[in-house]
Amino acid sequence: MKTFSLGRIVFVVFCALVLLYLILPVLIIVPMSFSSTRFLTFPPPALSLRWYEEYIGNAAWMQATRVTFAVATLTVLIATPLGVAAAYAISNSKMRLMRIVHMMLMLPLVVPIIITAVGIFFVYAKVGLVATMSGLVLANVMLGLPYVITSVVAGLQSFDPAQEMVARSLGMNRLRSFFAVTLPQIKASVLTGAIFAFISAMDETVVGLFISGGQYQPLTKRMFTALRDEIDPTIAAISTLMTAASFLLVLIASTRQKKSG
Amino acid sequence: MTHSTPDLSLRHHRREQGLMLALASPALLVILLLIVLPVGWLAWQSIYHDGFTLENYRRIFSEAIYWRSFSLTFQISLLVTLLALLLGYPIAYAASVVPKGWSVLILALVILPFWTSVLVRAYAWLALLQRTGVINQFLQYLGIIDEPLALVHNTFGTVVATVHILLPFMVLPLYATMQKIPHDLMQAGASLGGSPSHTFWRIFLPLSLPGVLAGTTLVFVLCLGFYITPELLGGGRTVMVSLLVSRNVELYDQWGAASAVGVVLLLGVLVIFLIVGRFIPLDRILGQK
């Protein structure tokens, strides 16, 4: 099959170009963030950490970074137990009602984000949750739940529930048997779900645009506002850091998953 | 006492079901309060304003600005889906037939952008496509153009960035389907005298159609409600439906109109999922997200 026909060459070149199109924009932000000038020129006149200094030295950016990390961390701490409990229930129940519950829990993936954002904004405006930390965390918990549930339901599929039965027949109560027998075996899928919920909260933009404000603005909202006005290379530095954080987390998730087979 | 056993197991069954519902209820409560209630409220608001009224719907179906936006959104989504399929199918095909090391590399190049923030990618495209951006500078350096091209702040820039962001949603379900197509089938086709292109068109392509359906549905639906790229790269000219919703809220304080547009968009999305759900299970589409 090693015929280098014209068709094959065209195919390979085409695929290479498409892959370049996919990866180039992700990579281009790195040299931009280290450039010493405001405008991107090739080759970059000199390397500098100017934009990173700008980012770290700016109180507003730092405050937004703190908000983003606090929101993402709290989101994971709340969404993970809720999602694991729901996934456990979904896997262990054959009720028709539970199938409907499962479908409803996937709603955040189905409803276009702009509709969710406007709807939440409206409800928050009525109950006074606009521009609050709790409002931001709650919305992100809702958006992160489907990731945790999907991941853990998949993890529980390869788990034999009879093992938990054995532990219970030996005198453990249900809760203890879950923590002693089931949880250690689905650990990887729980971690994957938690990491995806964290990334989802870190990257979330549209809902934050509508419901956040004042001192509780996440990084993405400040970036969005900055991008609407002008192209500030500080954003390249922040983008590079955000992308590095995402990749690191995905890497952890995928190596963990491999380990547990 | 013999008949108490089924009674006992029934009671046990009931208790078990009650426990499972209780376990799912906190998550369900979050969903009910933060998405069902808000969207329901939105729908209510679109038909109720000091009494029932269909005024909002009458408006969005009669005023040109709404019509134009709906048709533009539909056209852009169609174009983006088509482009994503044209670019994504060969990539998924390549990943499914090359040796493992290469397919890992191809998939990594697809997944890395997938896990990069949409906002970061929108920014990268702004930097690449703007008048003083990399692409214009490069083309001028080569002497292909004298004046910088208007590559962004228009529909072109929106489409380029949107395809980029949604392409992984096309490739991943395609690859998941193609990976399961047994290679023996192609070999059998070839051994019976089928040319490579013949076996591709007659065997591989038909078997990959479920993946095509899943990928195109996901990309189309996501594109219908896309907000960040048209807002940042559209330059105010590419008013897609999502922008119409946000402007009605932010600029004009027209909640009723925004709600009605949102309801129409949501209904469109749900109808598409319902129709496609008859052919392939929905979690296969949503599993990629």
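At what angle do helix 8 (residues 162-169) of chain A and helix 9 of chain A pack, and how far apart are their axes? In this predicted model, the two helices pack at an angle of about 130°, and their axes are 9 Å apart. Helix 8 of chain A and helix 9 of chain A are therefore oblique to each other. The crossing of helix 8 of chain A with helix 9 of chain A is right-handed.

The residues that form this contact can be named. From helix 8 of chain A come A:Gln163, A:Glu164, A:Ala167 and A:Arg168, which meet A:Arg174, A:Ser177, A:Phe178, A:Ala180, A:Val181 and A:Thr182 of helix 9 of chain A. By class, the residues of this contact divide into four nonpolar, three polar and three charged.

**Helix 7 and helix 9 of chain A**

Helix 9 (residues 174-203) of chain A also packs with helix 7 (residues 133-157) of chain A, at an angle of about 160° and with the axes 8 Å apart. Because angles over 145 degrees count as roughly antiparallel, helix 7 of chain A is roughly antiparallel to helix 9 of chain A. Helix 7 of chain A passes helix 9 of chain A in a right-handed crossing. On the side of helix 7 of chain A, the residues in contact include A:Asn140, A:Leu143, A:Gly144 and A:Tyr147. On the side of helix 9 of chain A, they include A:Ile186, A:Ala188, A:Ser189 and A:Val190. The contact of helix 7 of chain A with helix 9 of chain A has 13 nonpolar, eight polar and no charged residues.

| Helix pair | Angle | Distance between axes |
|---|---|---|
| Helix 7 and helix 9 of chain A | about 160° | 8 Å |
| Helix 8 and helix 9 of chain A | about 130° | 9 Å |

**Two residues of helix 9 of chain A**

A:Ala188 lies in helix 9 of chain A and is one of the residues in the contact with helix 7 of chain A. It counts as partly exposed, because it has 19 C-beta neighbours inside 10 Å, whereas a residue is buried if 20 or more lie within that distance. A:Ala188 and A:Thr255 are 67 residues apart in sequence, yet their C-alpha atoms are 9.4 Å apart in space.

A:Ile195 also lies in helix 9 of chain A. With 24 C-beta neighbours inside 10 Å, A:Ile195 counts as buried. The C-alpha atoms of A:Ile195 and A:Ser246 are separated by 9.2 Å, although the two residues are 51 residues apart along the chain. Not counting residues up to four places away in sequence, A:Ile195 touches A:Leu249, A:Ile252 and A:Ala253.

Helix 6 (residues 113-127) of chain A has 15 residues and reaches 21 Å from its first C-alpha to its last, close to the 21 Å expected at 1.5 Å a residue. This helix is mostly covered, with 12 of its 15 residues buried. Among the buried residues of helix 6 of chain A are A:Ile113, A:Gly119, A:Phe121 and A:Tyr124.

Helix 6 of chain A is followed by A:Gly128, whose phi is positive, near 75°. A:Ala131, in the loop between helix 6 and helix 7 of chain A, has a positive phi of about 65° although it is not a glycine. A:Ala131 is partly exposed, with 15 other C-beta atoms within 10 Å.

**Chain B and its contact with chain A**

How many residues of chain B are in contact with chain A? There are 62 of them, and they are in contact with 69 residues of chain A. Helix 1 (residues 4-47) of chain B supplies the largest share of the side of chain B that touches chain A, 16 residues. By class, that side has 48 nonpolar, 12 polar and two charged residues.

The 15 residues of helix 4 (residues 100-114) of chain B should span 21 Å at 1.5 Å a residue, and its end C-alpha atoms are 21 Å apart, which agrees. Within helix 4 of chain B, B:Ile106, B:Leu109, B:Val110, B:Pro113 and B:Phe114 are buried. The buried residues of this helix pack against helix 1 (6-33) of chain A, together with helix 3 (64-97), helix 5 (118-129) and helix 7 (155-179) of chain B.

B:His153 lies in the loop between helix 6 (134-141) and helix 7 of chain B. B:His153 is not a glycine, although its phi is positive, about 65°. With 19 C-beta neighbours inside 10 Å, B:His153 counts as partly exposed.

Key
Residues numbered from 1 in each chain as written. Chains lettered and ligands numbered in written order. Predicted model: local features only at pLDDT ≥ 70, side-chain atom pairs only at ≥ 80, totals over all residues. Contact = placed C-beta atoms within 7 Å. Helix = DSSP H or I, 4+ residues; strand = E, 2+ residues; numbered from the N terminus. Nonpolar A, V, L, I, M, F, W, Y, C, P; charged D, E, K, R; others polar. Expected span 1.5 Å × (residues − 1). Axes fitted to C-alpha atoms, helices over the stretch in contact; angles between N-to-C directions. Parallel < 35°, antiparallel > 145°, perpendicular 65-115°, else oblique. Left-handed = near helix turned anticlockwise from the far one by under 90°.
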